[in-house]
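Please look over the structure shown below before turning to the briefing.

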Amino acid sequence: MAAIATASLSTSAVVVRLSVAFRSRSRQTVATSSSFARHSISPISRTYHPATKPSDCLPTGELQLQRSSFCTGLGTYHSRSLKPIAAAAGHASAFGSQGREGKEAKEGFWKGGQGEAGGGGEAEEAWEEMGDSVPAARVRLRQELYAPIEPHRSGTLAVSGVHTVYWEESGNPKGQPVIFLHGGPGGGTAPANRRFFDPAFFRIVLMDQRGAGRSTPHACLEENTTWDLVGDIETLRKHLGVDKWLVFGGSWGSTLSLVYAATHPDRVAGLILRGIFLLRRKEVEWFYQKGADSIFPDAFDKYREFIPKDEQHDLVAAYHKRLMNDSEPDQQVAAARHWTEWEMATSYLLPNEDSLKRGEDDKFALAFARIESHYFVNKGFLPSDSFLLDSVPKFKHIPAVIVQGRYDVVCPIVSAWELHKAWPEAEFKVVPDAGHSANERGIGEQLVAAMESFKLKLSR
């Protein structure tokens, strides 16, 4: 390994640095500068050697050097061997739709009703550029979701005298740890959340936050604040014996990821954020009171008209009152369904039936609506409206990728843009034909590519 890592120019050992190229006829991902090249992260050592010709690696033969051809993979590249000396699961299908995993992702998850965004034409491609002092080669990053997997370990963890949280692990038990922080708050995790990560490389950790998903008590608001959740992440990290991990979160998950990074920056190896929500008053009012109603007036009418007219001046407070009223369970459930159906109706650029059906699940809706309204009437339990933007200096050194749908109605792009301006070191990707959901094709592709890029950096 040491010999390969220090190979001379004649053997064409190559290091990786970030760039992105695009071949889209109808979409273009906007990318800004990245901090990856300037930051050192403890590597997981993997080495790959070249194939005899570019087409051994890429179906389109796009990976080329003037001196030799290199097979895509993890870590350092070398030109003397004629075949790869190691392979990770899914490697054969990691670029394009070769193999079972790529085929399932393209023909399953992205197909009919599963978040296929408009636009047509070819999807944009994400690339890594290899080499500064040798002729440059480009490595196309995988963008397809990985095949469904099951957890190999799961459990519950008592985090207070009231709450027990569910957690699970899948992927490589000795791999790079990454924790997935779900949205809401109150949304819970789902099996599909595991598919953004290469299971051969990542130790994938999912946790249902207090009151959500399989955590107990269900929909409980006692001892349930942002700071309690930050403490739970730390408790779980210690329980699993993790030193530092990547933190992956979207929507409310992006909020919680940023608060955690500001509080425990020494425990965060990198941030992957989607659908930025800074939990400011203007963001809550935009979606729940005045703003998003101009784009989805039909869905908003159903949400608003559930509340009597004399209370419609503050819809969040009116819903919160009903969601807290345990003495009238029928009204409580009805309020939960109206609240949840409003958000599910607006999460995609194009209508999505599976999303709409979630609002019809009373158990899910009750936790989702109760916990969300509890957090929003309490301003996220943050000390100020600008807390997250003010906290950027605490985590701006951490490598990060921000993925944002251009037409996100739930968490409008202005919040991501303001975070980007305060934090230019983070890579910023705008998906031009997507809304809010991570399950939309363009957003999902960029999230997978972001994880693949981290994988390359961590493998050096």
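Axes are lines fitted to C-alpha atoms, for helices over the stretch in contact, and angles run from 0 to 180 degrees between N-to-C directions. Helices (H or I, at least four residues) and strands (E, at least two) are DSSP runs that are numbered from the N terminus. This is a predicted model, in which local features need pLDDT of at least 70 and side-chain atom pairs count only at pLDDT 80 or more, while totals for chains, interfaces and linings use all residues. Residues are numbered from 1 along each chain as its sequence is written, and side-chain values use heavy atoms, with hydrogens and water left out.

**Helix H3 against helix H4**

- Helix H3 (residues 226-240) packs on helix H4 (residues 252-263) at an angle of about 70 degrees, and their axes are 10 Å apart.
- That angle makes H3 roughly perpendicular to H4, where angles of 65 to 115 degrees count as roughly perpendicular, under 35 as roughly parallel, over 145 as roughly antiparallel and the rest as oblique.
- H3 and H4 cross in a right-handed sense; a crossing is right-handed if the near helix is turned clockwise from the far one by less than a right angle, and left-handed if anticlockwise.
- The contact (heavy atoms within 4.5 Å) involves Thr226, Trp227, Leu229, Val230, Ile233, Glu234 and Arg237 of H3, together with Trp252, Leu256, Val259, Tyr260 and Thr263 of H4.
- By class, the contact of H3 with H4 has eight nonpolar, two polar and two charged residues, with Ala, Val, Leu, Ile, Met, Phe, Trp, Tyr, Cys and Pro counting as nonpolar, Asp, Glu, Lys and Arg as charged, and the others, Gly among them, as polar.

**Helix H6 against helix H8**

- H6 and helix H8 (residues 329-346) pack at about 165 degrees with their axes 9 Å apart, and the two are therefore roughly antiparallel to each other.
- The crossing of H6 and H8 is left-handed, and it brings Ala299, Phe300, Lys302 and Tyr303 in H6 together with His338, Trp339, Trp342 and Ala345 in H8.
- Sorted by class, the contact of H6 with H8 has six nonpolar, one polar and one charged residues.

**Aromatic pairs**

- Rings of Phe, Tyr and Trp (its six-membered ring) pair if their centres lie within 6.5 Å, and planes under 30 degrees apart count as stacked, over 60 as edge-to-face and the rest as tilted.
- Across the whole structure, a search finds 25 aromatic pairs.
- In one of them, the ring centres of tryptophan 227 and phenylalanine 387 are 5.9 Å apart and the planes stand at 80 degrees, so the pair is edge-to-face.
- This pair links distant parts of the chain, with tryptophan 227 in helix H3 and phenylalanine 387 in helix H11 (residues 387-390), 160 residues apart.
- Tryptophan 227 counts as partly exposed at 34% relative accessibility, whereas phenylalanine 387 is buried at 13%; buried means under 20% relative accessible area, exposed over 50% and partly exposed in between (1.4 Å probe, protein chains only).
- Tyrosine 303 and tyrosine 319 form a stacked pair, 4.9 Å centre to centre with 5 degrees between the planes, which joins helix H6 (residues 297-305) to helix H7 (residues 315-323).
- Both tyrosine 303 and tyrosine 319 are buried, and both belong to a cluster linked by ring pairs that also includes Phe277, Phe300 and Trp342.

**Serine 355**

- Serine 355 is found in helix H9 (residues 353-358) and is buried, with a relative accessible area of 6%.
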